[in-house]
Amino acid sequence: RVIMDEFKIEDNISYKNLFKPYGYINGEWIDLPKGKSFNIYNPSTNKIIATMPEMGIDETKYAIESAKIAFDKWKKKTAKERCFLLRKWYDLVLENIDDLSVIMTLENGKPLKESKAEIIYASSFIDWFSEEGKRTYGRSIPATQIDKRIITIKQPVGVSALITPWNFPAAMITRKVAPALAAGCSVIIKPAEQTPLSASALVYLAQKAGIPKGVINLLVANNPIPIGKELCENESVRKISFTGSTEVGKILIKDSANSVKKVSMELGGNAPLIVFNDADVDIAVKETLASKYRNSGQTCVCANRIFVQDGIYKKYSEALAKKVADFKVGDGFEHTSDIGPLIDNSGLKKVERHLDDAIAKGAKVLTGGKQPSLGGLYYEPTVLTEVAKNMVLFKEETFGPLAPLFKFKDVDEVINMANNTNYGLAGYIFTKDLNTAWKVSEELQFGMVGINSGILSTEVAPFGGVKESGIGREGAVEGMDEYMEIKYLCFGNIM
Ligand code: NAP
């Protein structure tokens with residue numbers, strides 16, 4: 001059933017060592033009988049890369065049971081012991097960066113250089129939490145009665161279910177697994193159906209690092225619904241951490257309500273990127289390119305609506321369109337490629353729907369605006385002008401390489417437009433004026449704001465959104481707290 005042999009990328013790359021087209025439960029790789037399987041495709045070629053077992057409710061129950069048993073032992077290890085194993089996992093991830101990147105480009109399509117950058121980013125969470133796991137301090141609180149003493153301690157929340165998307169097949173996993181394991185939780189990972197091979201390769205390296213059986217479990221499937229329902233409804237699971245669409249996030253919150261689980265939700269975005277008249281155009285363009293076109297525009301923090309003040313609009317739009325027109329679209333394994341394919345046909349159709357709607361309502365194409373001659377799932381990086389608030393791309397996350405440039409006159413107008421969305425993940429501002437930077441940062445209803453910066457994700461800062469973009473934070477000290485409960489101890493009658 002393993003058909004990876006057909007895909008010979010480069011003779012010197014040994015990715016097959018990490019190629020595990022299976023699930024992983026209780027320390028064992030699990031396959032299922034023929035017929036209970038699903039295919040993984042390379043979005044650049046539409047060829048099948050592998051088939052994997054279609055897991056369901058039985059495997060989910062088994063994984064929960066295994067994680068529950070493992071949790072009792074894992075939580076009793078010292079933080080130092082747990083963090084030592086995380087450190088070994090981190091080292092192995094970096095040692096295998098080339099192979100992991102090849103697997104990622106195969107199943108996600110992003111250019112190899114972006115896959116490598118993602119593996120470094122993904123590993124940074126393991127590195128950071130392997131340190132932070134040793135510092136989960138409680139507090140000593142001065143009591144209000146003379147014979148009382150008050151302290152708090154932090155304890156792991158328990159079995160944690162981690163459901164992740166395809167756009168960052170490695171980083172969205174390590175950003176959850178590393179703090180969970182450092183805290184003393186055991187985990188069940190459910191990666192996206194398009195990109196389970198990056199997940200299984202990472203799990204394999206965790207196994208090699210010596211993470212005990214049952215502490216990490218991996219469920220793979222094409223149909224996530226029975227798995228999601230069991231993970232949400234089973235009382236032994238105490239935490240759901242989800243990254244994906246707002247629509248699915250709402251289902252998971254509802255399904256988790258009966259057993260009152262702790263939830264973290266990293267959901268969709270509709271990021272405004274605001275360029276004021278006094279901005280440095282070169283910086284604004286460079287950072288817009290990084291924010292908008294990384295991963296073919298398929299990131300939750302991608303600039304989705306670009307607001308440009310009237311005095312700089314012409315200069316900025318021409319400079320941006322010139323750079324965008326230079327991007328090379330192609331297979332992620334071509335060294336010249338800057339922009340890979342979209343993940344699947346529904347991703348492509350969404351970009352086309354947004355473009356068609358905008359054109360019908362008066363938008364003009366500055367560059368791009370169609371599929372390149374390569375066809376398939378590729379789409380030309382595009383810049384649109386003459387866009388307006390009544391277009392679908394104002395309300396919905398495009399998740400593709402389409403940059404609409406809105407024109408605005410003053411600060412209050414742009415703050416209103418930027419906040420006119422149910423989402424609240426990331427926003428960006430370009431200005432040299434400190435007052436504008438502070439005022440707008442404070443008034444934007446978004447969980448993260450980049451000021452003269454189009455990239456803000458890092459393991460040391462709390463990542464997350466407000467409104468319908470989510471609940472909770474990942475990375476940083478706050479990311480650790482998502483996997484811990486605070487217990488208050490009150491000592492009385494101390495003489
Ligand atoms: P998605 O459809 O919500 O899927 C995400 C994950 O949820 C996948 O593993 C999927 O499994 C699973 N899933 C879908 N329906 C489910 C259900 N009923 N029960 C349990 N699991 C279910 O999102 P996507 O299209 O893959 O990812 C793109 C979205 O993620 C965008 O909206 C983007 O903004 C968001 N995102 C947010 C962040 C953040 O940090 N805030 C980061 C990255 C992406 P299948 O693959 O099998 O369907």
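**Reading the features**

Guide: Start in a loop: Ser-296 lies between α9 (281–293) and β13 (303–309). Keep in mind that this is a predicted model.

Visitor: What is phi of Ser-296 near?
Guide: First the general idea. Most residues other than glycine have a negative phi. Now the case here. Phi of Ser-296 is near 55°, a positive value in a residue other than glycine.

Visitor: Is Ser-296 buried or exposed?
Guide: Ser-296 is buried, because its relative accessible area is 4% and buried means under 20%.

Visitor: Where is Phe-399 found?
Guide: Phe-399 sits in the loop between α12 (392–395) and β16 (402–408). Its phi is near 55°, again a positive value in a residue other than glycine. Phe-399 has a relative accessible area of 18%, so it counts as buried.

Visitor: Now helices. Which residues of α1 are buried?
Guide: The general idea first. An α-helix has 3.6 residues a turn, so residues three or four places apart point the same way. In α1 the buried residues include Glu-59, Ala-63, Ala-67, Ala-70 and Trp-74. Thr-60, Ile-64 and Phe-71 are also among them.

Visitor: How far apart are the end C-alpha atoms of helix α1?
Guide: They are 25 Å apart. Helix α1 has 18 residues, 57–74, and at 1.5 Å a residue it should span 26 Å, so the two values agree.

Visitor: How exposed is Lys-113?
Guide: Lys-113 belongs to helix α4 (residues 112–132). Its relative accessible area is 47%, so it is partly exposed.

Visitor: And a strand. Which side chain does Ser-241 contact?
Guide: Ser-241 is in strand β10. It is buried, with a relative accessible area of 0%. Its side chain makes a polar contact with the side chain of Tyr-483, at 3.3 Å.

Visitor: On to the ligand. How many residues surround it?
Guide: There are 32, and the closest are Thr-164, Lys-190, Glu-193, Ser-245 and Glu-397. α5 (171–183), α7 (225–233), β10 (237–243) and α8 (246–256) each supply at least two residues of the shell. The space the ligand takes is the largest pocket.

Methods. Residues numbered from 1 in each chain as written. Predicted model: local features only at pLDDT ≥ 70, side-chain atom pairs only at ≥ 80, totals over all residues. Heavy atoms only, no water. Helix = DSSP H or I, 4+ residues; strand = E, 2+ residues; numbered from the N terminus. Expected span 1.5 Å × (residues − 1). Buried < 20%, exposed > 50% of the residue type's maximum accessible area, 1.4 Å probe, protein only. Near = heavy atom within 4 Å. 1 Å grid on protein atoms, 1.4 Å probe; cavity = no way out; pocket = protein on both sides within 12 Å on 5 of 7 lines; lining within 4 Å. Sits in = over half its atoms within 2 Å of the grid points. Polar contact = N/O pair within 3.5 Å; in protein donor to acceptor, adjacent residues only side chain to side chain.
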